[in-house]
Amino acid sequence: MIFYFSGTGNSAWCAKQLAHLMDDQAYDITTLTEIPDIQNAKQIGFVFPVYAWGTPAPMTEFAKKLEHIKTFTFGVCTCGSESGKTMQHFSKIYPLDSSYSLVMPNNYIIGADIENENVILEKIDIARKELKKISQEILQHKRGYHVLEGSWAKLKSNLVNVGFNTFARSTKPFWTTAACNQCGICAANCPAFAITLSEKGPIWKKTCFQCMRCLNACPNQAIQYGKSTEGKGRYIIQHYLPSDEY
Ligand SMILES: Cc1cc2nc3c(=O)[nH]c(=O)nc-3n(C[C@H](O)[C@H](O)[C@H](O)COP(=O)(O)O)c2cc1C
């Protein structure tokens, strides 16, 4: 059984690929109405993006609630470049037998612009191959820690991550340009249920997960975050996958 959280599709794609390769099921934790019965699970897995060298809040909350049973457990975090101590910290909440990080296209356009198409396609291609290897190791219940932590991992996953969760999840900087046609896609798809639609366009609650889905998936590229996203590209994995892939 694989539980995933995903903003722009990378982690959803990884979870679904793994489920397919391992003949297992992948569940989006933000749309679950109740936690499925895990008693007979051959393995329990968690797949999620790295947010400021840590685990996204909804995945932490979900893992805290999930019963601990005697079965093989694994976690895969997806990141643009490095994941710090994310998996070690997550393992304190839900102990993992094996942990992996997978480098995927970067979706944090508040920071850097999206990568060029060749880089994006190459990252996805490498991940596709890695997932085959990972699925084999999980099926063999191989224990291991295959995580690219990067430099200053402790500092980033402690201090910087706390700073992110305390200060950087404000929705105040979100605004829409004249291109917004009030289609409501952002409100309908927000995994934090943080957006409502008014006659003038979307209105955000005070804070959200900062998953970047509203910004990246707006069909009119009408959503901005302060000045930092103006003139930048938008990323969702669906634009780069063959139509027959999950
Ligand atoms: C709020 C936020 C913070 C991020 N922090 C990191 C980070 O610390 N390290 C990193 O390598 N990538 C970071 N990223 C990039 C994502 O982890 C990466 O693009 C991930 O694969 C996105 O997965 P998703 O499409 O399932 O949402 C961050 C992205 C967001 C939205």
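Me: Which atom of Asn 10 lies 2.8 Å from an oxygen atom of the ligand?

Reply: A backbone N or O atom of Asn 10 does. Keep in mind that this is a predicted model, where local features need pLDDT of at least 70 and side-chain atom pairs count only at pLDDT 80 or more, while totals for chains, interfaces and linings use all residues. Residues are numbered from 1 along each chain as its sequence is written, and side-chain values use heavy atoms, with hydrogens and water left out.

Me: What about Thr 8 and the ligand?

Reply: For Thr 8, an N or O atom in the side chain is 2.6 Å from an oxygen atom of the ligand. Gly 80 uses a backbone N or O atom, 3.0 Å from a ligand oxygen.

Me: And how much of the ligand's accessible area does the protein cover?

Reply: The protein covers 96% of the 650 Å² that the ligand has on its own. Accessible areas come from the Shrake-Rupley method with a 1.4 Å probe, and for residues only the protein chains shown count as cover.

Me: Let's take Ser 11. Where does it lie?

Reply: Ser 11 lies in helix H1, residues 10-22. Helices (H or I, at least four residues) and strands (E, at least two) are DSSP runs, numbered from the N terminus.

Me: Is Ser 11 buried or exposed?

Reply: Ser 11 is buried, because its relative accessible area is 1%. Buried means under 20%, exposed over 50%, and partly exposed in between (1.4 Å probe, protein chains only).

Me: What does the side chain of Ser 11 make a polar contact with?

Reply: It pairs with the side chain of Thr 78, at 3.0 Å. A polar contact is a pair of N or O atoms within 3.5 Å; within protein, one must be able to donate a hydrogen and the other to accept it, and residues adjacent in sequence count only if both atoms are side-chain atoms.

Me: New topic. How many salt bridges are there?

Reply: A search of the whole structure finds 9 (a side-chain nitrogen of Lys or Arg within 4 Å of a carboxyl oxygen of Asp or Glu). One of them joins Lys 85 and Glu 149, with the closest N and O atoms 2.9 Å apart. Lys 85 is in the loop between strand S4 (72-79) and helix H3 (86-93) and Glu 149 in the loop between strand S6 (144-146) and H5, so the pair ties together parts 64 residues apart in sequence.

Me: Are Lys 85 and Glu 149 buried or exposed?

Reply: Both Lys 85 and Glu 149 are buried.

Me: Where do Lys 129 and Asp 125 lie?

Reply: Both are in helix H4 (residues 117-139), 4 residues apart, which is about one turn of the helix. Lys 129 is exposed, because its relative accessible area is 57%, and Asp 125 is partly exposed at 31%.

Me: Which residues are linked in a network with them?

Reply: Arg 128 and Glu 245 are linked with Asp 125 and Lys 129 in a network of salt bridges.
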